[in-house]
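Please read the following report alongside the sequence and the coordinates. It begins with the chain as a whole and then turns to the ligand and to individual residues.

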Amino acid sequence: MQIRYRKDSEPKSSQITPKSVFLDRRKFLKSAAASGLIPALGPFAMANRANAALTGKVLPNVSKSPYGATLTPTKSSYVTSYNNFYEFGTGKEDPAVLARDFEPKPWSVVVDGEVGKPGTYNFEDLISPHQLQERIYRFRCVEAWAMVVPWVGIPLADIIKRMEPTSKAGYVAFETLNDPNRMPGQTRSVLDWPYVEGLRMDEAMNPLTLMAVGLYGEELPNQNGAPMRLVVPWKYGFKSIKSIVRISLVEKMPPTTWNKTGPGEYGFYANVNPEVSHPRWSQAKERVLGSGYFSGKVDTLKFNGYGEEVASLYAGMDLAKNY
Ligand SMILES: Nc1nc2c(c(=O)[nH]1)N[C@H]1C(S)=C(S)[C@@H](COP(=O)(O)O)O[C@H]1N2
Ligand SMILES: [Mo]
């Protein structure tokens, strides 16, 4: 994410071009090295470091799904080393380092609000009654990086249905763990903690919306939001909230972290849309991670390519106003 009040080590919006990203990353790596955070390395060398490894905890009984059968996944080390997870630092290389010792189990999730079965559920009770699926999805961040990720998870709808939503449930609100002792980035007030996100009920129930617990057949690495995070592939990455501890069904549109931080820049809907620029940069192109700095700029697809599945959710809405 970009914020208005960024650190010097973070790119300016005007610098989102391959060359300046390259130069800026060198500057970041130099300053991070100077601060002792990580040793001095060349650009993208993080992708080859031990911190970028998968967990090695293979998930049993994962069924294949038709989603993304024609897509080629991005090399896993990119997916695990270039992250946005402000609870573990604001630099993209920070989470792989600063989340290394985070212990995501045991984990429990509060389900409350407009549901017939509110309560505090163990991770295992929420997830394991359902069949885990692999879904290969395009994933697109608002700063124009894109990748293809083989997520493992269950449809969010499976969880919600089991919780028996009432007829008043119009939206689903999500909350990330708030524990500065375990999430060092929360000792700084760069965001209003805890990170919160939300979906309209029909978006949450759409079959594409995944509660992910794994990547590449293995349990989620901490930097990707262990032990469970949302994946909403037709929206910008910030909707895909990580390390979820609360799911609340609510009547009205809930507040969301990036909308609170920059309401003119980040809306509630945040559908990937090449026609709607971020106020400080265009969203018409994206850079495919792992394809090199000076190549791999491709056209952004509306709804990130998932229009067939989701465009009808927004029929009659002005997506320039409801950004
Ligand atoms: N709790 C929490 N969730 C978060 C974020 C965050 O800072 N905190 N960053 C978001 C943003 S901006 C993006 S692009 C994605 C990145 O997911 P990835 O690191 O698995 O690629 O996580 C999203 N979920
Ligand atoms: Mo993002």
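The report below takes up the overall chain, the ligand site, and a few loop residues.

**Overall chain and confidence**

This is a predicted model, in which the protein chain averages a pLDDT of 88, with 84% of the residues scoring at least 70. Over residues 2-43, however, the pLDDT is below 50, although this stretch still has 75 contacts in the model beyond near neighbours in sequence. Where pLDDT is low, the predicted coordinates should not be read in detail.

The protein chain contains eight helices and 13 strands, and buried residues make up 56% of its 323 residues. Among the contacts in the protein chain with a separation of 6 or more, 71% come from residues 24 or more positions apart. The chain exposes about 13500 Å², of which carbon and sulfur atoms supply 53%.

**The ligand site**

Which residues come nearest to ligand 1? Of the 19 residues around the ligand, these are Asn83, Tyr86, Glu87, Ser240 and Lys242. By class, the shell around ligand 1 has ten nonpolar, six polar and three charged residues.

| Residue | Protein group | Distance to an oxygen atom of ligand 1 |
|---|---|---|
| Tyr86 | backbone N or O atom | 2.8 Å |
| Asn224 | polar side-chain atom | 3.0 Å |
| Arg229 | side-chain N or O atom | 2.9 Å |

Taken on its own, ligand 1 has 540 Å² of accessible area, and the protein covers 100% of that area.

Thr166 lies in the loop between helix H5 (156-162) and strand E6 (171-176). Is Thr166 buried, partly exposed or exposed? With a relative accessible area of 30%, Thr166 is partly exposed, because that value falls between the limits of 20% for buried and 50% for exposed. Not counting residues up to four places away in sequence, Thr166 touches Glu114 and Val115, and the side chain of Thr166 makes a polar contact with the side chain of Glu114 at 2.7 Å. Thr166 and Glu251 are 85 residues apart in sequence, while their C-alpha atoms are 9.8 Å apart in space.

Gly217 is found in the loop between strand E8 (210-215) and strand E9 (218-219). When residues up to four places away in sequence are left out, Gly217 touches Lys57, Val58, Leu59, Glu134 and Val152. Gly217 and Thr55 are 162 residues apart in sequence, with a C-alpha to C-alpha distance of 10.0 Å.

**Backbone geometry in loops**

The peptide bond from Lys105 to Pro106 is cis, with omega near -5 degrees, and Pro106 lies in the loop between helix H3 (94-98) and strand E2 (108-113). A cis peptide bond also joins Trp193 and Pro194, where omega is about -5 degrees; Pro194 lies in the loop between E6 and strand E7 (196-200).

Ala144, a residue other than glycine, has a positive phi near 80 degrees and sits in the loop between strand E4 (133-140) and strand E5 (145-155). Its relative accessible area is 8%, so Ala144 is buried. Asn304 likewise has a positive phi, near 55 degrees, and is found in the loop between strand E13 (297-299) and helix H8 (307-310). Asn304 counts as buried because its relative accessible area is 2%.

Definitions and conventions. Residues are numbered from 1 along each chain as its sequence is written. Chains are lettered from A and ligands numbered from 1 in the order in which they are written. Side-chain values use heavy atoms; hydrogens and water are left out. Helices (H or I, at least four residues) and strands (E, at least two) are DSSP runs, numbered from the N terminus. Buried means under 20% relative accessible area, exposed over 50%, partly exposed in between (1.4 Å probe, protein chains only). Contact means heavy atoms within 4.5 Å. A polar contact is a pair of N or O atoms within 3.5 Å; within protein, one must be able to donate a hydrogen and the other to accept it, and residues adjacent in sequence count only if both atoms are side-chain atoms. A residue is near a molecule or strand if one of its heavy atoms lies within 4 Å of it. Accessible areas come from the Shrake-Rupley method with a 1.4 Å probe; for residues, only the protein chains shown count as cover. Ala, Val, Leu, Ile, Met, Phe, Trp, Tyr, Cys and Pro count as nonpolar, Asp, Glu, Lys and Arg as charged, and the others, Gly among them, as polar. pLDDT is the predictor's confidence in each residue, from 0 to 100.
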